[in-house]
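User: I am new to this structure. Please take one part and walk me through it closely.

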Amino acid sequence: MSDTQTVVNEQTDVSDAPGTRQGAYSRVLSRMPRAGWGILIFLALFVIGGLLRPSLFSMPGLISTATFAAILAVASYGQTIAVIQGGIDLSVPNTIAFAALGFLTWNSSFGPVVALALALASGLVIGILNGVIVAKVGLTPIVTTIAMNGLLFGLLLLNFPLSELTVVPDLVKSITSNQIEFLGLSIAAVLPLALVLMLVLQAILSYTGWGRSLFLVGSREDAARLAGQPVARIRISGYAVSGLLAAFAGIVIVGYYSQAETTMGNPYLLGSVAAVIVGGASMFGGRGSMVGTFVGALVLGQVATLVAVFNLGATMQNLIYGVIILAVLAAYGRDRT
């Protein structure tokens with residue numbers, strides 16, 4: 001056998017080695033977008049649900065899950081911005097409740113348009129306060145936003161003594177709970193609303209200087225300072241938008257469910273964080289997307305559907321959410337790039 005043939009045979013043996021093939025598989029898997037994993041998990045859960053309960057494996061079942069996911073996604077979009085810039089917003093639950101109850105209360109005096117503006121403004125102010133405390137005072141995002149969440153709950157109990165408000169303006173119902181006919185299927189208006197909002201926010205993150213600066217501050221704060229970026233201003237604006245979107249989520253939830261109460265935001269504390277993490281965002285900052293958050297909400301929506309169908313209860317749902325968060329953090333927690 002010639003020397004050339006020997007070299008060729010050796011190269012063939014190396015390329016066919018199991019370790020090399022495993023390395024190739026690892027490279028392919030590492031290149032898959034994190035949101036892609038979320039889609040695969042959702043499809044797997046959807047098929048499993050259909051096998052266990054055939055009625056779930058249908059277009060109405062899919063639309064029902066997607067509708068729940070749309071509401072969760074809207075409540076998680078602001079959280080996405082907070083996480084991308086290297087923080088977290090744990091005041092989302094009571095920002096939702098404060099804006100929702102405020103909206104319904106102010107509506108009786110000022111009408112739906114002014115009430116909507118005031119509710120959104122309240123969320124904006126809450127976000128700005130969070131941002132100023134984090135960026136200027138120097139408290140950590142977790143401590144700041146947990147304290148803000150507690151403060152808001154106290155304000156809710158003082159200013160909105162009624163346990164539940166149910167008079168919802170038609171303006172809000174029309175963009176959330178009204179049914180839209182599409183290809184013979186009835187779809188709640190909140191689903192296309194969440195998708196349009198996702199596209200708008202994703203475009204802002206991807207194609208504006210402000211959006212790119214959020215990623216830079218979240219991933220390399222020192223580099224952002226050296227580049228002349230106003231880091232404190234960027235952080236404050238990020239929390240301001242987070243508060244604004246949480247307030248908008250409160251309006252959406254009110255419109256869809258046609259009621260509001262002081263504890264209405266509680267399910268979105270763990271849910272909003274889980275949707276963002278499952279969607280591929282890094283808790284270290286600098287990574288995340290609105291598309292990924294919607295995909296994460298789809299996964300959690302399917303989990304919620306299975307929990308409801310099999311009557312496992314809210315405690316089991318929160319337990320599963322917690323396990324999902326820990327699993328994703330274990331998989332990606334060491335990747336800071």
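Analyst: What follows is a close look at one helix and the charged residues linked to it. Keep in mind that this is a predicted model.

The part is helix α12, residues 231-257. Start with its length. The helix has 27 residues, and at 1.5 Å a residue they should span 39 Å. The end C-alpha atoms are 39 Å apart, so the model agrees with that expectation.

Now its surroundings. Of the 27 residues of α12, 19 are buried, so the helix is largely enclosed by the rest of the structure. After the helix comes S258. The phi of S258 is positive, near 60°.

Next, the charged contacts. Side chains of opposite charge can pair when their charged atoms come close. R235 forms a salt bridge with E221. Their closest N and O atoms are 2.8 Å apart. R235 lies in α12 and E221 in α11, so this pair ties together parts 14 residues apart in sequence. R235 has 12% relative accessibility, under the 20% cut-off, so R235 counts as buried. E221 is partly exposed, with a relative accessible area of 28%.

E221 has another partner. It forms a salt bridge with R225, and here the closest N and O atoms are 2.7 Å apart. Both residues lie in helix α11, residues 221-226. They are 4 residues apart, about one turn of the helix.

Shared partners join E221, R225 and R235 into one network.

Technical notes:
Residues are numbered from 1 along each chain as its sequence is written. This is a predicted model: local features need pLDDT of at least 70, side-chain atom pairs count only at pLDDT 80 or more; totals for chains, interfaces and linings use all residues. Side-chain values use heavy atoms; hydrogens and water are left out. Helices (H or I, at least four residues) and strands (E, at least two) are DSSP runs, numbered from the N terminus. The expected span of a helix is 1.5 Å times one less than its number of residues. Buried means under 20% relative accessible area, exposed over 50%, partly exposed in between (1.4 Å probe, protein chains only). A salt bridge is a side-chain nitrogen of Lys or Arg within 4 Å of a carboxyl oxygen of Asp or Glu.
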